[in-house]
Amino acid sequence: MNPITSKWAFRKGLQDVGNGCYAYLQPDGSWGWSNAGLVVDSGESLLVDTLFDLKLTREMLDTMKRAEPKAVSQIGTLVNTHSNGDHCFGNELVTGAEIIASKACDEEMRNDGGAARLADMKRSTAAMGDTGEYFAKIFAPFDFEGINVAMPTRTFEGELECRVGDKIVRLIEVGPAHTRGDVLAYVPENRTIFTGDILFINGHPIIWAGPIGNWIKACNLMLDLDVETVVPGHGPITDKKGVAAMKGYFEYIETEARRRYDAGMSIMEAAQDISMADYSSWGDAERIVVNVGSLYREFSGGKTTTGVAELFGMMAQLEKNRRR
């Protein structure tokens, strides 16, 4: 599959997508290089996600203030689309905002060890062999020291309607999929949706939670909405073509992983055996290991489980093999 093309340039910084909606992009969209969104109306603002560390989040907020000084001088609402740190570790800098997340996202944020856990892991990579080398490489640009993640102050299940001035923002829970509590932020008036990590464009997604059927349902939901502009969690701004490509990827790997599970192949064997030729232009191909692992867990009714450390070790091996 060729890279998904877009009328929007994939460059770092704030892009005005029209009528008070903005996307903040971070090429190249790989590990940790996430996107965020901003909705403004009548001097009010809603921020969709923060970034992976305080320096990056501060730079983003300063850029947004220059574009919308009145609205961003005091952001009223911050939405965290899910619990991964590259979408919430900068929360503490959005002072005074109501922080909204799904109930499941809130629970994950409070129990996953947060930035302190990643900071400890970065300090320990020398003792982790190939896994440590891989971890150190993908997270080298980010500083996890001294982060105190501000937690959600309001949670919901299902759907929640917010107002930004006279504009409606619909928060739609679609997890568990990427994580347990994924949320989409849909601005009907603008025909714009901020997807969090339900959408990776020109990069392989990663199924931490599953089931994969929920992710496919989320794609179908977006395809059914009146949407023109789609801001993914990682990668360039897209439209429904990007959503359809993500759906097709999941349908493909589900079928291929099932065949190999039924044949008795291990997770690593299946990950190496599944042809990714149609997705050769997408980055982070080693994530297929995690996706196969999640599918095997699903196929086995939870009996086949693989720890995160082991999955990172297998990703490290696949990535190392690809560089040889």
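Contact here means heavy atoms within 4.5 Å. On that definition, among contacts in the chain between residues at least 6 apart in sequence, 66% join residues at least 24 apart. The model on display is predicted: local features need pLDDT of at least 70, side-chain atom pairs count only at pLDDT 80 or more, and totals for chains, interfaces and linings use all residues. Residues are numbered from 1 along each chain as its sequence is written, and side-chain values use heavy atoms, with hydrogens and water left out.

**The whole chain**

Along the principal axes, the C-alpha atoms fill a box of roughly 60 × 45 × 35 Å. The radius of gyration, taken over C-alpha atoms, is compared with a globule rule of 2.2 Å times the number of residues to the power 0.38. For 324 residues a compact globule would have a value near 20 Å, and the 19 Å of the chain agrees with this.

Next, switch to a surface. The chain exposes about 13000 Å², of which carbon and sulfur atoms supply 47%; accessible areas come from the Shrake-Rupley method with a 1.4 Å probe, and for residues only the protein chains shown count as cover. Buried residues make up 56% of the 324 residues, where buried means under 20% relative accessible area, exposed over 50%, and partly exposed in between (1.4 Å probe, protein chains only).

Lys and Arg count as positive and Asp and Glu as negative, while His and the chain ends are not counted; each charge is placed at NZ of Lys, CZ of Arg, CG of Asp or CD of Glu. The mean positions of the 34 positive and 45 negative charges are 2 Å apart.

**Stop 1: the loop between E2 and E3**

Select Asp28, in the loop between strand E2 (21–25) and strand E3 (36–41). A cis peptide bond with omega of about 10 degrees joins Pro27 and Asp28. Asn35 is found in the loop between E2 and E3 and is buried, at 2% relative accessible area. Setting aside residues up to four places away in sequence, Asn35 touches Tyr24, Leu25, Gln26, Asp49, His87, Pro232, Gly233, His234 and Gly235.

**Stop 2: Pro176 and Pro211**

Pro176 lies in the loop between strand E9 (167–173) and E10, and is partly exposed with a relative accessible area of 31%. Beyond its neighbours within four places in sequence, Pro176 is in contact with Asp182, Ala209, Gly210, Pro211 and Asn214. The C-alpha atoms of Pro176 and Asn214 are 6.8 Å apart, although the residues are 38 apart in sequence. Among these partners, Gly210 and Pro211 are joined by a cis peptide bond, with omega near 5 degrees. Pro211 is in the loop between strand E11 (192–194) and helix H6 (212–224).

**Stop 3: two positive phi angles**

Most residues other than glycine have a negative phi, and most peptide bonds are trans. Arg191, not a glycine, has a positive phi of about 55 degrees. Arg191 is in the loop between strand E10 (183–187) and E11, and is partly exposed at 33% relative accessible area. Then select Asp284, where phi is near 60 degrees. Asp284 lies in the loop between helix H8 (267–273) and H9 and is buried, with a relative accessible area of 14%.

**Stop 4: helix H9**

Val292 lies in helix H9 (residues 288–299) and is buried, with a relative accessible area of 1%. Apart from residues up to four places away in sequence, Val292 touches Ile267, Ala270, Ala271 and Ile274. The C-alpha atoms of Val292 and Ser266, 26 residues apart along the chain, are separated by 9.5 Å.

**Stop 5: the cysteines**

How many disulfides does the rule count? A disulfide is a pair of cysteine sulfur atoms within 2.5 Å, and the count comes to zero. The sulfur of Cys88 is 6.7 Å from the closest cysteine sulfur, in Cys105, which is too far for a bond. Cys162 is in no disulfide either, the nearest cysteine sulfur being that of Cys21, 13 Å away. Cys88 is buried at 2% relative accessible area, and Cys162 counts as buried at 7%.

Technical notes
Helices (H or I, at least four residues) and strands (E, at least two) are DSSP runs, numbered from the N terminus.
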